[in-house]
Amino acid sequence: MINPLTMMMLIIAIPFIGMLFVLISKNTDNNKNAFSVAIFSIITNISIIWQIFSFIKKKKVETDLIEKIDWLTFPNISLTFSIDNVDLLLILAIHIILLTSIIFNYAHANKQKYILTFSLLFLSMITGLFISNDIFSFFIFYEGIMLPVFMLIGIHGEMKKKSSINSFFIYNFIGCLLFLGTIIYIYQIYGNITLDKLRHLNFQTSHNRYIWFATIIALMFRIPIWPFHYFISSVNTKLRNSLVFTIVTLLPLSGLYGIYCFWPNFIPIEISQYFIWINIIGALTMLFLALMGYSNPNIQYRIFAFASIYYVLYLLGLFSNNKMIYDNFGYAVFSFLLILGTLEAISNYIYQKEILNDTTSQGFLCRAKKLSFVYSFLIFSAIGLPISAMFTNNFLIFSYMLSHNIHSSIILVFAWMIICGALINEIMRLKTDNKDCKIGKNEDLPTKYFMFILLIIFMILMSFIKPLWFVIDV
Amino acid sequence: MENWFVMLPEIWLIIYVAIASIVNRYRKSKTPKTFFTLAKYFLFVEILLTLVFYNKSAFASFWQNTSFTTLFKVIVYLLTLGWLYLSSKWFLNKNHPSCLFCCIIFIMLTAMSLLASSSNLLTLLSCFIVICSCYILLMFQYSHNDKRTVYTKQYIYTFLVFLFLSISAIFWLYYTSGSVFYKDIKLYFSNTIQMDIYTISAVVSLISMFVFLLGLAPFHIWIVKFWENGILPIYGFITLVPPLLYLCSFINLWKECLSFAKFSSISFILIPAYISIILGAISANGEKNIRCLFGYLSMYCIGFAITGFANMDNLAIIASFAYTIIALLSFFGIYTIFLSFKSHNDYIEDLDAIKGFSQLRPYMSAGFIIFIFSLTGLAPTLGFIGYLSIINNLFANNAWLSLGICITGILLCVRICLQIINYIYFADNTQKYDRAEKSTYICLFVNMTIIFAALINPNWLFHYIFIILNESTQ
């Protein structure tokens, strides 16, 4: 029988070891060695994740999948790891979109070794975040994500103002310090508590409320909701490299996942009565982002606006304190991530063709059939049509909001419609024939790339029908 | 006779001085490496002797060896061994005679070893005089500045002030208690109901001696001159090795002698620690000289360590010790990399000259990131464990002022580290570097291995150390 701890440690260790191999690989013009090592690491990890899915299905008992490691003596800290289907889905989604981004980014980026090194380090850290089950291990990986993100933005972000990168890091670090403060406070009172037990905290005492409030605020530092939106938008909107853009866009996911993990089972009315303010602020933030996204013709900006709007939407979904939304969270975010990553990769592919041929991309999809198919499907999934699990979660969140707070939900729906309009606007632009477009059907998606994207599309579609279709009995 | 036999570790260090002098006088084919090779063997034997006689005390009224002092001494000897190994490359490169340097280092080691084990104020004073005399010699002999005579005189005047204060303090304590032995003084004043202003002043004067030795603000000017003007081996040794034994000696003095004056002694050591944290971090921010920058960071780290153990209970000392060891490992790694900042046979000191260093030395730059972020305490580097230990302890003792100052210092430290990374990674390369020595890579590899192993399993590094500290500080 395979030790579950071994499997959990492997999916963290493999990208890290891959990173070391990439770092020591020989420098060549196209860095093919480094590229191969990175692809191999990710594919190996995906196969192990698939095995773990089957193992979970076989075990059916959650306590078998919790492992504890004695780490420090002073202070006395043990690290606990556990895994369930939601965590695995999110880990799988991130692996797939990073694989997609690396493949599509391969031919275009310089300093490939650095980008692959830090991408694999990011993958290792975020995988660790998802399998952490106690407050300290969660914090270690939560903070550990910042290092590769910072290095990627600095090296490949092609940003002129370096001070904005430093400000971005310091801003996130302040959030981490606040989070560390709450973690230590929790540790002083409850010891090294696991996240499962943390959810059962009693909110009758005032210090428990302060702990929860401070923790949520610290985690919201990474989510682009007002007033925390400035730093991430100042960095994300200027990134040109699609792999770096994808990774930085995944940063709010760590905050969102943190809120998902730290969300208590029971919230007293004294606290939940203030959630209406979060709804109002969230709705207004979404409206602002949607308008900015619509007014800017740059597709990368629109994708950033789309991602930010959905992060805020899922945040509002968690604050709704609705069990159905909470249970569907993993599946919705899984399909959201696949759509986001693949859309960014395809958009970047079109953009690179534009640069290469020194022409406009308007009308390109009229000539590129394969690209047209995949791009259309991704856009329709992104706007929330019933072809992915995003539809279900959108439906649940909108219906809850409309039933509880009609005013802010109208703004929310309006914002969602604007960003959908922006994405549809983009696809209409690409499908409107233009004689000035010099990109021919030869520049269509290569067949192997097309087959790979088809597989992702299949997974997005199946997320709506049966998300765990790929899990087999061992 | 037995007393002299038990003193073999200290005598062995003096024997080196004698043998080195003889070799220097009579051996014709000596090179700078000769004395380092000799020092290497002497230090190996010294470590063995220290471990053998770990709890044996000669002339017990003057100094006492315990497992606590032995632990600090062994670490210091190991650090000296590593640093002398690297320094030998500097001396070989410059073809500079090294006999005097090695002899002064060994005399300092003897004095610092006796300082750490002292159980008598006269021993303390004698060691203080010898150590400061060694500093005067080092400053005068190894400064590459025309104003070295001026700086040496300034240092002598400052030293004389502190010497006068120390002598006055010892005289007063002897006058009132009738003894210069730690235990007698502690016993006498513990039975005293109220202390007068002269006794408090005497305690403060003794502590100020350590503030001066450690180079804490506001008495740090002399050490800044060392950073600016001293050669690289001196710079590295002064910032790495002595502070650990000074801290050991101070803890010993406080626990065995001055604990009767808890409030005044702790307040008087905390105020310079606070100032050092803030001033060290702020001064490092504005520095363009790499050595001064890291010199100020070392001042910040010493201030942080003292803030950590100011409470003087077991856990505080253990937390502070963990932090200090981790900081020393990081600094050792950084100073190792300094030796590769070499162009046209000159060692680079200007921060602008290391722009784009990562493009020519990717592995060293990767190590530099790890050490730098370890100093900021970013998870999952080893420095996080050190910061966590101290912050957790401050939380437990409700030391909110100390906590606030530490967090401010951390944020300022982060800013400096980001600036350095901007230079190394995000700027274009403008400098050609000489080929790095093999010894640099060896030391870097060993350092990184220790760091990674300690990160995955901290108990491997700290378990027995914590047991020794816990038993000896109770």
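Tutor: Helices (H or I, at least four residues) and strands (E, at least two) are DSSP runs, numbered from the N terminus. This is a predicted model, in which local features need pLDDT of at least 70 and side-chain atom pairs count only at pLDDT 80 or more, while totals for chains, interfaces and linings use all residues. Residues are numbered from 1 along each chain as its sequence is written, chains are lettered from A and ligands numbered from 1 in the order in which they are written, and side-chain values use heavy atoms, without hydrogens and water.

Student: Is Phe395(A) buried or exposed?
Tutor: Phe395(A) is placed in helix α19 of chain A. Buried means under 20% relative accessible area, exposed over 50%, and partly exposed in between (1.4 Å probe, protein chains only). Because its relative accessibility is 54%, Phe395(A) is classed as exposed.

Student: How far apart in space are Phe395(A) and Trp50(A), C-alpha to C-alpha?
Tutor: In sequence, 345 residues separate Phe395(A) from Trp50(A). From C-alpha to C-alpha, their distance in space is 29 Å.

Student: Which class of accessibility does Val150(B) have?
Tutor: Val150(B) belongs to helix α7 (residues 148-177) of chain B. Its C-alpha atom is 9.5 Å from that of Phe140(B), 10 residues away along the chain. With a relative accessibility of 42%, Val150(B) is therefore partly exposed.

Student: How many disulfides does the structure hold, and what is the nearest cysteine sulfur to Cys176(A)?
Tutor: A disulfide is a pair of cysteine sulfur atoms within 2.5 Å, and the search over all chains finds zero. Cys176(A) is accordingly in no disulfide, and at 15 Å its nearest cysteine sulfur is that of Cys417(B).

Student: What is the relative accessible area of Cys176(A)?
Tutor: Cys420(A) counts as buried because its relative accessibility is 7%. Cys176(A) is also buried, its relative accessible area being 0%.

Student: How do α4(B) and α12(B) run relative to each other?
Tutor: Helix α4 (residues 67-94) and helix α12 (residues 242-256) of chain B pack with their axes 9 Å apart, at an angle of about 170°. Axes are lines fitted to C-alpha atoms, for helices over the stretch in contact, and angles run from 0 to 180 degrees between N-to-C directions. Angles under 35 degrees count as roughly parallel, 65 to 115 as roughly perpendicular, over 145 as roughly antiparallel and the rest as oblique. The pair α4(B) and α12(B) is therefore roughly antiparallel.

Student: Which residues of α12(B) meet α4(B)?
Tutor: Contact means heavy atoms within 4.5 Å. From α4(B), the residues Phe68(B), Thr69(B), Phe72(B), Lys73(B), Ile75(B) and Val76(B) take part. Their counterparts in α12(B) are Leu244(B), Leu245(B), Cys248(B), Ile251(B) and Asn252(B).

Student: Where does Pro227(A) lie?
Tutor: The peptide bond from Trp226(A) to Pro227(A) is cis, with omega near 0°. Most residues other than glycine have a negative phi, and most peptide bonds are trans. Pro227(A) is situated in the loop between α9 (206-220) and α10 (229-236) of chain A.
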